[in-house]
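Hi,

Here is the structure I promised to pass on to you. Have a look at it first, and then read on for what turned up in it.

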Amino acid sequence: MAKLRADAQRSRAAILDAALRVLEADPDASVEGIATAAGVTRQTVYAHFPSRERLLAAVLDRLTEEAVDAMDAAGPDTGPAADAVLRVLNAARRASARYPMLLRRFAATQSSAESGREQHEPVAERLRRIVERGQSAGEFDRQPPADWLVTVIIQLGHAAASESDAGRISPDEAEEALSTTVLRVLGAS
């Protein structure tokens, strides 16, 4: 029984890995194409993900996990808060940059502001810790509230990515603009 469970976990991971690769190359790829790339049958994909929508939701969860893991590795709770927020944003950007087509597709098809908020919560929680730490230490302005500042930071990150994706500024310019603007929004000294 444990072997089947381990096999099922490997199959699920292989499906998600393949889905990331295939959907990055072709956001409209079929479940059959993803199954082939994963080395499993279409029925196996549906056994793990009952619909294409559920598979796409799991792919988005995987992308969020990768960004959050990168943020955690960047040390959000260490050093000055201003340095931490920039490190964490840069880590999230690097992780997200691996799947630009896929992320654009998800952003364009996000069904509601509420589901977008839920998807960003792990990211927001890390940013919130940094903002609150910076406010408590006097590194950042105490107003507006931390939750508002986190929302603004996330939206600024999307704006920077959008401007870079559209070719209006280079990725380096987007990163510099984001860093400068975030520090100004936070009132960093």
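Let me begin with one alanine: not counting residues up to four places away in sequence, Ala160 touches Ala174 and Leu178. Please keep in mind that this is a predicted model. Ala160 sits in helix H8, and its relative accessibility is 11%, under the 20% cut-off, so it counts as buried.

H8 runs over residues 146–165, and at 1.5 Å a residue its 20 residues should span 28 Å; the end C-alpha atoms are 28 Å apart, so the two values agree. Besides Ala160, the buried residues of H8 are Ala146, Leu149, Val150, Val152, Ile153, Ile154 and Ser164. After the helix comes Gly167, with a positive phi near 80 degrees.

In soluble globular proteins, nonpolar side chains tend to be buried together. Here the largest nonpolar core has 27 residues, and Val85, Leu127, Ile130, Val131, Ile153, Val182 and Leu186 have the most contacts inside it. At least two residues of this core come from each of H4 (52–73), H5 (81–96), H7 (113–136), H8 and H9 (171–186). H5 gives the largest share, eight residues. What does Leu186 touch, leaving out residues up to four places away in sequence? Its partners are Val85, Val131, Phe140, Asp141, Leu149 and Ile153. Another core, of 23 residues, lies apart from the largest one and includes Ala38, Val45, Leu55 and Tyr99.

Ala38 also belongs to helix H2 (residues 31–38), where Val31, Ile34, Ala35 and Ala38 are buried. These four cover an arc of only 100 degrees around the axis, and therefore lie on the same side of H2. Gly39 follows H2, and its phi is positive too, near 75 degrees.

One last item comes from the database: an unreviewed UniProt entry annotates residues 30–49 as "DNA-binding region". In the model, that stretch is 75% helix and 0% strand, and its end C-alpha atoms are 13 Å apart.

Happy browsing, and write back with any questions!

Best wishes

Key:
Residues are numbered from 1 along each chain as its sequence is written. This is a predicted model: local features need pLDDT of at least 70, side-chain atom pairs count only at pLDDT 80 or more; totals for chains, interfaces and linings use all residues. Side-chain values use heavy atoms; hydrogens and water are left out. The expected span of a helix is 1.5 Å times one less than its number of residues. Buried means under 20% relative accessible area, exposed over 50%, partly exposed in between (1.4 Å probe, protein chains only). UniProt positions are given in the numbering used here, feature names are shortened, and annotations may be inferred rather than shown by experiment. A nonpolar core is a set of buried Ala, Val, Leu, Ile, Met, Phe, Trp, Tyr and Cys residues joined through side-chain atoms within 4.5 Å. Contact means heavy atoms within 4.5 Å. The arc is that of the directions from the helix axis to the C-beta atoms.
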